[in-house]
Amino acid sequence: MAENIFPIYDRLVQFEDRCRRLNQRPVSLWFCGLSGSGKSTIAIGLEKILFQKGYIVQVLDGDNIRNGINSNLGFSVEDRLENNRRVAEISKLYNRSGLITINSFISPTKDIRAHAKAIIGEEFFKEIYIKASLDVCEKRDVKGLYKKARRGEIKGFTGIDSPFEVPEVPFLEIDTEKHTLDECIQSLFKAIEPLIRI
C-alpha cells in the first residue's frame with residue numbers, strides 16, 4: 001500500500017463538511033474569450049448576484065492575478081500556459097474549500113483550457129465562452145490594447161497576431177453582441193444556480 005505523502009489532508013476539515021457549512025456546492029466557472037468580449041464585466045455582475053443570494057464566491061482575473069502572484073509572467077504562449085496553470089491551482093484550492101470561483105481569462109487555446117480543466121477536475125470545471133467578434137472587441141477597446149497591438153507595440157496579442165481557438169462544446173456560450181449585460185448575467189445565473197444549490 002502506497003504511503004500517503006500528504007497526511008495533513010486526512011486531518012483537515014473534510015470537503016462535504018465545508019459544503020454543508022457554506023450551504024453550497026463549489027464550481028469553477030472558466031470564462032474565456034477575446035479581450036473586450038465582456039468577461040470581467042460579466043464576472044463582476046455575476047459575483048454580485050451570487051453574493052446577494054448568499055453564496056461565497058471569488059473572482060480571479062488579470063487585475064488581481066497578474067498584479068500579484070503572476071506579475072513575473074508575460075504574454076507568450078508559454079507564459080499564458082503558466083498563468084492559467086497557476087490560476088487553475090488557486091481555483092482548485094478554493095473549490096476544495098467549498099468556494100465558488102469565477103475565472104476570467106482569455107485562455108486562447110484549447111490546450112490551455114484543457115490543462116486548467118485537468119487541474120481543477122471535470123466535476124468542478126465549467127467552460128463558458130464569452131462571445132464577441134474581433135471587430136466589436138476592437139471598438140470597445142477600453143484599455144487601448146488593440147490599438148497598441150495594431151501599431152506593433154504589443155506582440156503576441158490574441159486576435160491580432162496570436163490566434164484564439166473557439167471552444168467546441170462549452171458548458172455555456174454567452175453572446176455579448178446579441179444580449180444586454182443584464183441578460184447575459186441572468187442567463188449565467190439560471191444555468192449555474194442548480195449546480196451550486198444544496
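Student: Which residue in E3 does Trp 30 stand opposite?

Tutor: Strands of a sheet pair through backbone hydrogen bonds, either parallel or antiparallel. Here Trp 30 stands opposite Asn 103 in E3. Strand E1 (residues 28–32) and strand E3 (residues 100–104) pair in the parallel sense over 4 bridges. Two strands count as paired if DSSP finds at least two bridges between them. The labels are DSSP runs numbered from the N terminus: helices are H or I with at least four residues, strands are E with at least two.

Student: Where do the residue numbers come from, and what kind of model is this?

Tutor: Residues are numbered from 1 along each chain as its sequence is written, and side-chain values use heavy atoms, with hydrogens and water left out. The model is predicted: local features need pLDDT of at least 70, side-chain atom pairs count only at pLDDT 80 or more, and totals for chains, interfaces and linings use all residues.

Student: In what order do the strands of the open sheet come?

Tutor: The order of the 5 strands is E2-E3-E1-E4-E5, with parallel pairing. Strand E2 (57–61) and strand E5 (172–175) stand at the edges with a single partner strand each, so one side of each has no neighbour in the sheet. On average, neighbouring strands are turned by 20° against each other, direction ignored.

Student: Which strands does helix H2 lie across?

Tutor: Helix H2 (residues 39–52) lies across E1, E2, E3, strand E4 (125–131) and E5, and runs at about 165° to E3. Helix H8 (residues 181–196) also packs on the sheet, touching E1, E3, E4 and E5, and its direction makes about 165° with that of E5. Contact means heavy atoms within 4.5 Å. Axes are lines fitted to C-alpha atoms, for helices over the stretch in contact, and angles run from 0 to 180 degrees between N-to-C directions.

Student: At what angle do H2 and H8 pack?

Tutor: Two packed helices are described by the angle between their axes and the distance between the axes. H2 and H8 pack at about 55°, with axes 10 Å apart. That makes H2 oblique to H8; angles under 35 degrees count as roughly parallel, over 145 as roughly antiparallel, 65 to 115 as roughly perpendicular and the rest as oblique. Among the contact residues are Ile 42 and Leu 46 of H2, and Ile 185 and Phe 189 of H8.

Student: How is helix H4 placed against H5?

Tutor: The axes of H4 (residues 77–96) and H5 come within 8 Å and cross at roughly 25°. That makes H4 roughly parallel to H5. The residues in contact include Leu 81 and Ala 88 of H4, and Ile 112 and Ile 119 of H5.
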